[in-house]
Each structure stands twice: as structure tokens, then as C-alpha cells.
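Thanks for making the time, everyone. I would like to walk through one structure with you this morning, taking a few local details and then the sheet and a pocket.

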Amino acid sequence: MKYYIIAGEASGDLHGSNLIKAIRQKDASAQIRCWGGDLMEQAGGTLAKHYKDMAFMGFLEVIKNIPTIFKNISFCKEDIGKFNPDVIVFIDFSGFNLRIAKWAKANGFKTNYYISPQIWASREGRIKNIKRDIDQMHVILPFEKDFYEKKHGYPVHFVGHPLIDAIENTDIPEERDFRLQNSLDSDKPIIALLPGSRKQEVQKMLAVMLSVTKDFPLYQFVIAGAPSLPQDFYSSYLKENKVGYVSNQTYALLKYSHAALVTSGTATLETALFGIPQVVCYKGNWISYQIAKRIITLDYISLVNLIMDKEVVKELIQNDLTTANLKQELGKIVEGPKREAILNDYQMLRKKLGGKGASQLAAQLIIENA
């Protein structure tokens with residue numbers, strides 16, 4: 001069969017790559033064309049567009065790039081028409097994907113959504129479009145099944161969280177080799193800095209994260225470089241601060257870290273699954289934040305707290321993200337009762353997410369319903 005898969009950022013590229021691998025295991029003759037990144041291409045997809053050309057963060061950034069976005073939408077429709085797939089699979093990236101889904105459904109294509117748009121967080125009215133345009137929805141968070149089925153009468157498949165598979169399938173070097181390879185101190189415990197994957201958010205987050213390094217001299221701080229950004233982008237931060245840097249080795253970094261400062265997003269859940277206490281950070285464009293604050297209805301922004309429905313990890317958002325607050329909260333998780341409480345809650349979090357096999361199950365359902 002022919003599959004057209006659309007992902008628009010680094011996390012979607014990761015999950016899309018594992019989905020492609022699972023599809024190819026079950027359908028040896030699969031032809032897969034995709035929007036995504038290097039991982040999806042390496043897994044066997046033919047890349048139509050790289051997510052680096054589409055990743056715009058915040059409302060203002062989206063508005064500034066509207067001409068590019070509309071060009072991408074037009075190109076995508078044309079490209080789908082030429083490829084004529086048996087099924088289209090949308091991965092998160094709702095602003096773009098729901099527009100394509102409306103066109104695709106109207107033009108007779110089978111539509112599957114893997115990793116739901118976060119309509120439970122904002123603009124819940126989009127459920128009407130999903131019911132109209134999406135043939136099958138495959139969700140990865142335990143509360144999403146109740147949200148869709150009990151609240152909105154829309155049947156979905158809970159397949160489990162693909163991060164569990166992604167982590168288990170990643171080859172991670174021995175700690176000694178990892179430290180040596182990346183010129184890290186052989187003994188100092190590591191505090192990982194995960195400032196995000198988009199240029200705009202890294203620029204906003206990294207400076208404040210680095211502002212606390214001098215207050216923790218017994219630890220070494222290490223930046224996780226985003227695969228979408230070149231190393232020279234980080235050069236000024238590395239020159240001004242005595243910190244380490246790793247590229248495309250975030251999972252190895254997390255495995256060998258003692259604590260982490262993490263920009264809100266998928267990385268908060270990845271950090272939790274590695275059992276690393278963290279402080280969640282977020283600071284956006286002021287106007288974008290004011291708009292988001294008025295349309296997002298959640299008590300928390302991190303997946304860890306949302307899934308557990310309580311504050312497991314501290315969230316420092318917008319004006320609360322200061323050097324003083326970050327220093328205080330990081331101090332609580334490098335040692336002491338707060339650290340132990342987080343580690344205990346992480347064990348319950350893993351149980352809630354289900355077991356392995358999310359990518360395999362999603363692939364099976366997509367093939368069966370194509």
C-alpha cells in the first residue's frame with residue numbers, strides 16, 4: 001500500500017520514524033512518502049518536506065510566516081494528489097494537519113490521526129472537524145480516550161505512548177564512553193539543559209537556564225543540542241559559560257543526568273521516563289503568551305503533571321521563570337524530599353502510560369482500516 005505521513009516537528013519525526021519501521025515490518029511492499037525529518041527518512045520514508053521549513057513557534061511567529069504556511073499547504077495538497085496514497089497519517093501538528101485533513105477527506109482519501117491534536121487543552125470545538133474529517137484516531141495519553149469517547153461520543157484507539165518504545169529502542173553508549181566522547185568531566189554529576197528544538201524557544205530559554213550554573217559548582221551543566229539546529233548556533237552560549245554540549249544524544253544525556261531543566265513539551269515526559277527529576281520551564285513571546293493564557297484551559301502545561309493530574313514537577317512559566325526561582329527549585333531536586341517524591345511519582349506515571357508496542361499497534365490499526 002501507499003502511505004502519506006505528515007509530521008511537523010522533532011517529536012513527530014521521532015514517532016513517525018518508529019511508525020514507518022512498524023509499517024514496513026507489517027507491509028513489506030509499503031511505499032511511504034512523508035513530511036518530517038532525518039529520522040523518518042532514515043526509517044525508509046521519502047521526504048517531501050523537512051520539518052525545519054515549517055516549525056514556527058507561537059502566535060506571532062505563525063502570523064509572520066503566513067505566506068510560507070499557505071505555500072506549504074498548497075504544495076502538500078498537490079503532492080498528495082500526485083502520490084495518490086491509500087491512507088494519509090497525520091501526526092500531531094494540528095494547525096497544519098487539520099487543514100489538510102479537511103481537504104483530504106473531501107477528496108476521498110482515508111485519514112488516520114496518530115497522536116491527537118491537544119483539543120483537550122484549547123479550542124475544544126475542533127472536535128467537530130475531527131469527527132468530520134478523521135476516519136480513525138489513535139491516541140497516546142490515557143485520559144484522551146475518556147475525553148473523546150465519554151465527553152464527545154467519538155470512538156478512538158488508545159495505543160500507549162510511543163516514547164516507551166523509542167527509549168527502549170535507542171542504543172546508548174556506556175557512561176564512561178559517553179562522557180569521554182563529549183569531553184565531559186568524568187566524575188561530576190550532570191544537570192541536563194533541554195532548551196527546546198526551535199530556534200526561537202532556545203534563544204528565550206537557554207540564557208535563563210545558564211544563569212544558575214554558577215550557583216551549583218559541584219555539578220556540570222550540559223546542553224542538549226537540537227538535531228534541527230547546527231552546533232555553531234550554540235557557540236556563543238558555550239563560549240560565555242563553562243558548560244558541556246552534546247548533539248543528537250539527548251537520551252544518553254538524560255540517562256546519565258542527576259537532574260534537568262526542561263522546556264515544556266515532549267521532553268518533559270522523556271525526562272520523566274528516564275527517571276530524572278526536573279524543573280519545567282516556559283517563556284514565550286509576550287503577546288503569544290497572553291493569547292495562549294486566554295484559550296488554554298489546563299491547570300498544568302507539562303505532560304507529566306497533566307497525566308498524573310497533580311503537580312509532580314515544578315512549572316516555572318513566563319514571569320515566574322527567573323534566575324532566583326530556578327535556583328530555588330533546582331536546589332530542591334538535586335537532593336532532599338522533593339527529589340524522592342518526584343521519583344516515586346514517576347513510577348506511577350509509567351504504569352499509567354501502559355506498556356511497549358504503541359508504534360506496532362498503531363501501524364496494525366492503520367493497515368487494517370486503510
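Let me start with a question: with which side chain does the side chain of His152 make a polar contact? Before I answer, please keep in mind that what you see is a predicted model. The partner is Glu124, whose side chain is placed 2.7 Å from that of His152 in this polar contact. His152 itself belongs to helix α7, which covers residues 142-152, and because its relative accessibility is 17%, under the 20% limit, it counts as buried. Leaving aside residues up to four places away in sequence, His152 touches Glu124, and it also touches Ile127, Lys131 and Phe147.

Now to the sheet, where seven strands are arranged in an open order, which reads β3-β2-β1-β4-β5-β6-β7, with parallel pairing. Because β3, residues 46-50, and β7, residues 157-158, have a single partner strand each, they stand at the edges, and one side of each is left without a neighbour in the sheet.

Asp92 has a positive phi, about 50°, although it is not a glycine. Most residues other than glycine have a negative phi, which is the background for pointing this out. Gln318, again not a glycine, also has a positive phi of about 50°, and it sits in the loop between β13, residues 314-317, and α16, residues 323-334. Is Gln318 buried or exposed? With a relative accessible area of 6%, Gln318 is buried.

For contrast in accessibility, consider Lys204 in helix α10, residues 199-210, which counts as partly exposed because its relative accessibility is 33%. Lys204 and Asn305 are separated by 101 residues in sequence, and their C-alpha atoms are 23 Å apart in space.

Finally, the second largest pocket, which holds about 190 Å³ of space. Its lining comprises 14 residues, and those nearest its centre are Tyr219, Gln220, Phe221, Lys242 and Val243.

Methods:
Residues numbered from 1 in each chain as written. Predicted model: local features only at pLDDT ≥ 70, side-chain atom pairs only at ≥ 80, totals over all residues. Heavy atoms only, no water. Pairing = 2+ DSSP bridges. Helix = DSSP H or I, 4+ residues; strand = E, 2+ residues; numbered from the N terminus. 1 Å grid on protein atoms, 1.4 Å probe; cavity = no way out; pocket = protein on both sides within 12 Å on 5 of 7 lines; lining within 4 Å. Points joined across faces, edges and corners; volume = space filled by probe spheres on them. Buried < 20%, exposed > 50% of the residue type's maximum accessible area, 1.4 Å probe, protein only. Polar contact = N/O pair within 3.5 Å; in protein donor to acceptor, adjacent residues only side chain to side chain. Contact = heavy atoms within 4.5 Å.
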